[in-house]
Amino acid sequence: MTYGTIATWRMAHEGVIKAQDILKKQGKAGDAVETLINTVEAYPYYKSVGYGGLPNEQGIVEMDAAYMDGDSFAIGAVAGIQNVKHAVSVARSLSDEHFNSFRVGTGATQYAMQNNFEIVNMLTPRAKKIWLNRLAEMREKNLNPYDGHDTVGAITLDKQGSMAAATSTSGLFMKKAGRIGDSPLSGSGFYVDSEIGGAAATGLGEDIMKGCLSYEIVRLMGEGKSPQQACDQAVYPFIEKLKKRYGKAGEFSLVAMNHNGEWGVATNVEFTFSVGNETKAPRILMANPGPDHTTSIAPITQEWLDAYEKRIKTPIN
Ligand code: SD4
(Lines give C-alpha, C1' and ligand atoms only; values in the text may rest on other atoms or scores of the structure.)
Protein backbone atom coordinates (compact mmCIF):
# COMPACT_ATOMS: atom_id res chain seq x y z
CA MET A 1 0.00 0.00 0.00
CA THR A 2 1.13 3.51 -0.74
CA TYR A 3 0.92 6.68 1.40
CA GLY A 4 0.62 10.41 0.89
CA THR A 5 -0.19 13.86 2.26
CA ILE A 6 -1.51 17.06 0.74
CA ALA A 7 -2.21 20.33 2.54
CA THR A 8 -3.15 23.92 1.81
CA TRP A 9 -0.59 26.74 1.66
CA ARG A 10 3.14 27.00 1.97
CA MET A 11 2.72 27.21 5.77
CA ALA A 12 1.77 23.51 5.86
CA HIS A 13 5.06 22.31 4.40
CA GLU A 14 7.01 21.55 7.59
CA GLY A 15 3.93 19.71 8.88
CA VAL A 16 3.63 17.76 5.63
CA ILE A 17 7.25 16.63 6.03
CA LYS A 18 6.47 15.39 9.56
CA ALA A 19 3.28 13.68 8.39
CA GLN A 20 5.12 11.88 5.60
CA ASP A 21 7.71 10.73 8.06
CA ILE A 22 5.03 9.21 10.28
CA LEU A 23 3.30 7.56 7.31
CA LYS A 24 6.51 6.15 5.90
CA LYS A 25 7.11 4.38 9.22
CA GLN A 26 3.68 2.72 9.11
CA GLY A 27 2.06 5.44 11.25
CA LYS A 28 -1.65 6.13 11.10
CA ALA A 29 -3.32 8.69 8.83
CA GLY A 30 -5.07 10.28 11.84
CA ASP A 31 -1.83 10.77 13.78
CA ALA A 32 -0.10 12.16 10.70
CA VAL A 33 -2.81 14.70 9.93
CA GLU A 34 -3.02 15.85 13.56
CA THR A 35 0.76 16.27 13.77
CA LEU A 36 0.72 18.25 10.54
CA ILE A 37 -1.97 20.64 11.73
CA ASN A 38 -0.43 20.95 15.22
CA THR A 39 2.83 22.06 13.60
CA VAL A 40 1.07 24.92 11.82
CA GLU A 41 -0.99 25.83 14.91
CA ALA A 42 2.13 26.18 17.04
CA TYR A 43 4.07 28.44 14.69
CA PRO A 44 3.57 32.04 15.84
CA TYR A 45 4.25 33.73 12.50
CA TYR A 46 1.25 32.20 10.75
CA LYS A 47 -1.45 34.78 11.20
CA SER A 48 -4.44 32.69 10.31
CA VAL A 49 -4.03 29.47 12.26
CA GLY A 50 -3.55 28.71 15.94
CA TYR A 51 -1.08 30.61 18.13
CA GLY A 52 -0.45 34.00 16.54
CA GLY A 53 -3.72 33.83 14.61
CA LEU A 54 -5.46 37.14 14.03
CA PRO A 55 -8.45 38.00 16.20
CA ASN A 56 -12.01 38.88 15.36
CA GLU A 57 -13.28 42.45 15.26
CA GLN A 58 -13.42 42.58 19.05
CA GLY A 59 -9.80 41.49 19.44
CA ILE A 60 -10.65 37.93 20.49
CA VAL A 61 -9.04 34.96 18.76
CA GLU A 62 -11.86 32.54 17.89
CA MET A 63 -10.81 29.37 16.12
CA ASP A 64 -12.55 26.73 14.05
CA ALA A 65 -11.17 23.23 13.48
CA ALA A 66 -12.28 19.77 12.43
CA TYR A 67 -11.07 16.21 12.16
CA MET A 68 -12.52 13.35 10.11
CA ASP A 69 -11.66 9.66 10.04
CA GLY A 70 -12.09 8.32 6.51
CA ASP A 71 -12.60 4.70 7.66
CA SER A 72 -15.51 5.26 10.05
CA PHE A 73 -16.71 8.74 8.90
CA ALA A 74 -16.32 9.86 12.53
CA ILE A 75 -16.15 13.65 12.73
CA GLY A 76 -15.26 16.00 15.55
CA ALA A 77 -15.32 19.77 15.22
CA VAL A 78 -15.07 22.97 17.21
CA ALA A 79 -16.04 26.51 16.28
CA GLY A 80 -15.38 29.79 17.99
CA ILE A 81 -13.13 28.04 20.51
CA GLN A 82 -10.87 30.33 22.55
CA ASN A 83 -7.51 30.06 24.34
CA VAL A 84 -6.78 26.55 23.16
CA LYS A 85 -3.41 25.93 21.60
CA HIS A 86 -4.39 22.97 19.45
CA ALA A 87 -7.97 23.28 18.32
CA VAL A 88 -7.60 20.36 15.92
CA SER A 89 -6.65 18.02 18.77
CA VAL A 90 -9.84 19.01 20.58
CA ALA A 91 -11.74 18.27 17.37
CA ARG A 92 -10.07 14.88 17.08
CA SER A 93 -10.94 14.03 20.64
CA LEU A 94 -14.58 14.98 19.98
CA SER A 95 -14.62 12.64 16.99
CA ASP A 96 -14.70 9.76 19.48
CA GLU A 97 -18.14 10.90 20.64
CA HIS A 98 -21.30 9.85 18.87
CA PHE A 99 -23.24 12.73 20.42
CA ASN A 100 -22.01 16.28 21.10
CA SER A 101 -19.18 15.90 18.59
CA PHE A 102 -19.39 19.44 17.21
CA ARG A 103 -19.07 22.06 19.95
CA VAL A 104 -19.08 25.84 19.65
CA GLY A 105 -18.03 28.80 21.79
CA THR A 106 -17.85 28.39 25.55
CA GLY A 107 -19.02 24.77 25.32
CA ALA A 108 -16.04 23.94 23.12
CA THR A 109 -13.60 25.85 25.30
CA GLN A 110 -14.95 24.21 28.47
CA TYR A 111 -14.60 20.76 26.92
CA ALA A 112 -10.96 21.54 26.11
CA MET A 113 -10.31 22.74 29.67
CA GLN A 114 -12.02 19.75 31.25
CA ASN A 115 -10.02 17.39 29.09
CA ASN A 116 -6.65 18.94 29.83
CA PHE A 117 -5.87 20.45 26.46
CA GLU A 118 -3.21 23.14 26.56
CA ILE A 119 -4.75 26.52 27.39
CA VAL A 120 -2.86 29.66 26.40
CA ASN A 121 -3.59 33.25 25.49
CA MET A 122 -3.63 32.91 21.71
CA LEU A 123 -3.37 36.63 21.01
CA THR A 124 0.35 37.28 20.53
CA PRO A 125 1.68 40.84 20.86
CA ARG A 126 2.37 40.75 17.12
CA ALA A 127 -1.19 39.72 16.21
CA LYS A 128 -2.55 42.39 18.56
CA LYS A 129 -0.48 45.07 16.81
CA ILE A 130 -1.70 43.91 13.40
CA TRP A 131 -5.28 44.06 14.70
CA LEU A 132 -4.85 47.58 16.13
CA ASN A 133 -3.23 48.81 12.91
CA ARG A 134 -6.03 47.31 10.89
CA LEU A 135 -8.69 48.96 13.03
CA ALA A 136 -7.05 52.35 12.45
CA GLU A 137 -6.64 51.67 8.74
CA MET A 138 -10.28 50.64 8.37
CA ARG A 139 -11.40 53.82 10.05
CA GLU A 140 -9.15 56.02 7.91
CA LYS A 141 -9.64 54.39 4.53
CA ASN A 142 -13.05 52.83 4.87
CA LEU A 143 -11.60 49.44 3.93
CA ASN A 144 -13.29 46.10 3.59
CA PRO A 145 -12.43 44.39 6.86
CA TYR A 146 -12.38 40.88 5.42
CA ASP A 147 -8.95 40.17 4.30
CA GLY A 148 -6.41 37.43 4.63
CA HIS A 149 -7.50 33.85 4.43
CA ASP A 150 -5.21 30.95 5.07
CA THR A 151 -6.79 27.92 6.64
CA VAL A 152 -4.67 24.85 6.94
CA GLY A 153 -6.56 21.87 5.55
CA ALA A 154 -4.94 18.49 4.98
CA ILE A 155 -5.57 14.96 3.78
CA THR A 156 -3.43 11.95 4.69
CA LEU A 157 -3.33 8.38 3.42
CA ASP A 158 -1.50 5.66 5.34
CA LYS A 159 0.01 2.36 4.26
CA GLN A 160 -2.94 0.46 5.71
CA GLY A 161 -5.20 2.34 3.29
CA SER A 162 -6.82 4.54 5.93
CA MET A 163 -7.34 8.22 5.27
CA ALA A 164 -7.99 11.27 7.46
CA ALA A 165 -8.79 14.94 6.94
CA ALA A 166 -8.39 17.93 9.23
CA THR A 167 -8.60 21.72 9.22
CA SER A 168 -7.69 24.55 11.58
CA THR A 169 -8.14 28.30 11.27
CA SER A 170 -8.65 31.54 13.13
CA GLY A 171 -11.08 32.35 10.31
CA LEU A 172 -11.37 35.62 8.50
CA PHE A 173 -9.42 38.47 10.02
CA MET A 174 -11.85 40.99 11.55
CA LYS A 175 -14.77 38.59 11.38
CA LYS A 176 -17.74 39.42 13.60
CA ALA A 177 -17.90 37.67 16.96
CA GLY A 178 -19.43 34.23 16.56
CA ARG A 179 -18.92 34.04 12.82
CA ILE A 180 -18.10 30.51 11.69
CA GLY A 181 -16.57 29.60 8.34
CA ASP A 182 -16.50 26.44 6.27
CA SER A 183 -13.51 24.89 8.02
CA PRO A 184 -15.40 22.99 10.76
CA LEU A 185 -18.26 22.04 8.44
CA SER A 186 -18.27 18.55 7.00
CA GLY A 187 -18.60 18.53 3.22
CA SER A 188 -17.62 22.17 2.91
CA GLY A 189 -14.24 22.62 4.60
CA PHE A 190 -13.26 18.96 4.42
CA TYR A 191 -14.46 15.44 3.65
CA VAL A 192 -12.79 12.05 3.44
CA ASP A 193 -13.78 8.49 2.62
CA SER A 194 -10.89 6.02 2.81
CA GLU A 195 -12.32 3.94 -0.04
CA ILE A 196 -12.29 6.98 -2.35
CA GLY A 197 -10.24 9.94 -1.15
CA GLY A 198 -10.51 13.27 0.60
CA ALA A 199 -10.60 17.01 -0.01
CA ALA A 200 -10.11 20.19 2.04
CA ALA A 201 -10.72 23.86 1.42
CA THR A 202 -9.38 27.30 2.17
CA GLY A 203 -10.86 30.65 1.26
CA LEU A 204 -14.05 32.56 1.83
CA GLY A 205 -16.05 30.14 3.96
CA GLU A 206 -19.37 31.82 3.25
CA ASP A 207 -18.98 30.93 -0.43
CA ILE A 208 -17.30 27.52 -0.05
CA MET A 209 -20.34 26.40 1.97
CA LYS A 210 -22.66 27.35 -0.85
CA GLY A 211 -21.18 24.54 -2.96
CA CYS A 212 -20.25 21.87 -0.36
CA LEU A 213 -17.12 21.71 -2.43
CA SER A 214 -15.09 19.19 -0.46
CA TYR A 215 -17.89 16.65 -0.58
CA GLU A 216 -18.46 17.33 -4.26
CA ILE A 217 -14.82 16.59 -5.07
CA VAL A 218 -14.93 13.31 -3.13
CA ARG A 219 -18.19 12.39 -4.86
CA LEU A 220 -16.64 12.98 -8.27
CA MET A 221 -13.57 10.91 -7.37
CA GLY A 222 -16.01 8.19 -6.33
CA GLU A 223 -17.42 8.26 -9.84
CA GLY A 224 -13.95 7.49 -11.16
CA LYS A 225 -12.55 10.96 -11.79
CA SER A 226 -8.90 11.61 -10.99
CA PRO A 227 -8.33 14.05 -8.12
CA GLN A 228 -7.37 16.77 -10.60
CA GLN A 229 -10.43 16.18 -12.78
CA ALA A 230 -12.64 16.14 -9.71
CA CYS A 231 -11.18 19.42 -8.42
CA ASP A 232 -11.52 21.14 -11.80
CA GLN A 233 -15.05 19.87 -12.34
CA ALA A 234 -16.29 20.72 -8.87
CA VAL A 235 -14.71 24.12 -8.48
CA TYR A 236 -14.67 26.06 -11.77
CA PRO A 237 -18.26 25.51 -12.94
CA PHE A 238 -19.41 26.32 -9.41
CA ILE A 239 -17.54 29.63 -9.43
CA GLU A 240 -19.30 30.53 -12.67
CA LYS A 241 -22.66 29.48 -11.28
CA LEU A 242 -22.09 31.52 -8.17
CA LYS A 243 -21.12 34.61 -10.13
CA LYS A 244 -24.19 34.26 -12.29
CA ARG A 245 -26.73 33.53 -9.59
CA TYR A 246 -25.27 35.18 -6.50
CA GLY A 247 -23.52 38.00 -8.31
CA LYS A 248 -20.03 37.34 -6.96
CA ALA A 249 -17.66 34.66 -5.76
CA GLY A 250 -15.00 34.97 -3.09
CA GLU A 251 -11.54 33.49 -3.30
CA PHE A 252 -11.18 29.81 -2.72
CA SER A 253 -8.81 26.91 -3.20
CA LEU A 254 -9.21 23.17 -2.68
CA VAL A 255 -6.83 20.25 -2.41
CA ALA A 256 -7.64 16.57 -2.85
CA MET A 257 -5.97 13.18 -2.65
CA ASN A 258 -7.42 9.81 -3.59
CA HIS A 259 -6.82 6.45 -1.96
CA ASN A 260 -3.96 5.73 -4.37
CA GLY A 261 -2.04 8.83 -3.26
CA GLU A 262 -2.77 10.75 -6.46
CA TRP A 263 -3.70 14.36 -5.91
CA GLY A 264 -5.28 17.46 -7.43
CA VAL A 265 -6.04 21.10 -6.66
CA ALA A 266 -8.26 23.87 -7.98
CA THR A 267 -8.25 27.57 -7.16
CA ASN A 268 -9.43 30.95 -8.37
CA VAL A 269 -6.39 32.76 -6.91
CA GLU A 270 -2.65 32.23 -6.68
CA PHE A 271 -2.41 29.35 -4.25
CA THR A 272 0.50 27.44 -2.74
CA PHE A 273 0.27 23.95 -1.30
CA SER A 274 2.51 21.14 -0.13
CA VAL A 275 2.25 17.54 -1.27
CA GLY A 276 4.17 14.30 -0.95
CA ASN A 277 3.54 10.65 -1.66
CA GLU A 278 5.47 7.39 -1.78
CA THR A 279 7.24 8.29 -5.00
CA LYS A 280 7.88 12.00 -4.43
CA ALA A 281 9.17 13.76 -1.32
CA PRO A 282 7.08 16.67 0.01
CA ARG A 283 7.42 19.80 -2.07
CA ILE A 284 5.77 23.17 -2.28
CA LEU A 285 3.94 23.92 -5.51
CA MET A 286 2.00 26.89 -6.78
CA ALA A 287 -1.39 26.65 -8.48
CA ASN A 288 -3.25 29.22 -10.52
CA PRO A 289 -6.48 29.03 -12.45
CA GLY A 290 -5.68 27.94 -16.01
CA PRO A 291 -7.68 28.19 -19.23
CA ASP A 292 -10.97 26.30 -19.78
CA HIS A 293 -11.63 25.04 -16.27
CA THR A 294 -8.12 23.75 -15.67
CA THR A 295 -5.48 24.43 -13.05
CA SER A 296 -1.90 25.28 -13.85
CA ILE A 297 0.64 24.01 -11.38
CA ALA A 298 4.30 24.95 -11.16
CA PRO A 299 7.15 24.49 -8.70
CA ILE A 300 7.62 27.33 -6.29
CA THR A 301 10.58 29.63 -6.92
CA GLN A 302 13.26 30.36 -4.35
CA GLU A 303 12.53 34.03 -4.91
CA TRP A 304 8.90 33.54 -3.88
CA LEU A 305 9.93 31.55 -0.81
CA ASP A 306 12.44 34.21 0.28
CA ALA A 307 9.89 36.99 -0.14
CA TYR A 308 7.33 34.97 1.84
CA GLU A 309 9.75 34.38 4.70
CA LYS A 310 10.56 38.05 4.82
CA ARG A 311 6.91 39.09 4.65
CA ILE A 312 5.67 36.92 7.50
CA LYS A 313 8.48 38.09 9.79
CA THR A 314 8.44 41.81 8.92
CA PRO A 315 8.49 43.79 12.17
CA ILE A 316 5.14 45.40 12.99
CA ASN A 317 5.11 48.88 14.46
C1 SD4 B 1 -13.11 30.69 6.85
N2 SD4 B 1 -12.12 29.24 5.22
O3 SD4 B 1 -13.22 30.88 8.03
C4 SD4 B 1 -11.86 30.03 6.38
C5 SD4 B 1 -10.86 31.10 6.21
C6 SD4 B 1 -9.78 30.68 5.35
O7 SD4 B 1 -8.12 30.47 4.08
O8 SD4 B 1 -9.58 29.80 4.73
N9 SD4 B 1 -8.98 30.98 4.99
O10 SD4 B 1 -13.93 31.08 6.01
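Arg134 is buried, with a relative accessible area of 13%; buried here means under 20% relative accessible area, exposed means over 50%, and partly exposed lies in between (1.4 Å probe, protein chains only). The model is a predicted one, so local features need pLDDT of at least 70 and side-chain atom pairs count only at pLDDT 80 or more, while totals for chains, interfaces and linings use all residues. Residues are numbered from 1 along each chain as its sequence is written, and side-chain values use heavy atoms, leaving out hydrogens and water.

Arg134 has a partner in Glu137: their side chains form a salt bridge at 3.0 Å, N to O. The term covers a side-chain nitrogen of Lys or Arg within 4 Å of a carboxyl oxygen of Asp or Glu. By that rule, the count is twelve salt bridges. Glu137 itself is partly exposed, at 26%. Both residues sit in helix α5 (residues 125-141), three residues and about one helical turn apart; helices are DSSP runs of H or I with at least four residues, strands are runs of E with at least two, and numbering starts from the N terminus.

Helix α7 (residues 213-222) holds another pair, Arg219 and Glu216, again three residues apart and separated by about one helical turn. Their closest N and O atoms are 2.9 Å apart. Arg219 is partly exposed at 33%, and Glu216 is partly exposed at 22%.

Then there is Arg92, whose side chain meets that of Glu34 in a salt bridge (2.6 Å, N to O). This pair links distant parts of the chain, with Arg92 in helix α3 (residues 87-94) and Glu34 in helix α2 (residues 29-42), 58 residues apart. Glu34 counts as buried at 17% relative accessibility. Asp31 joins Glu34 and Arg92 in a network of salt bridges.
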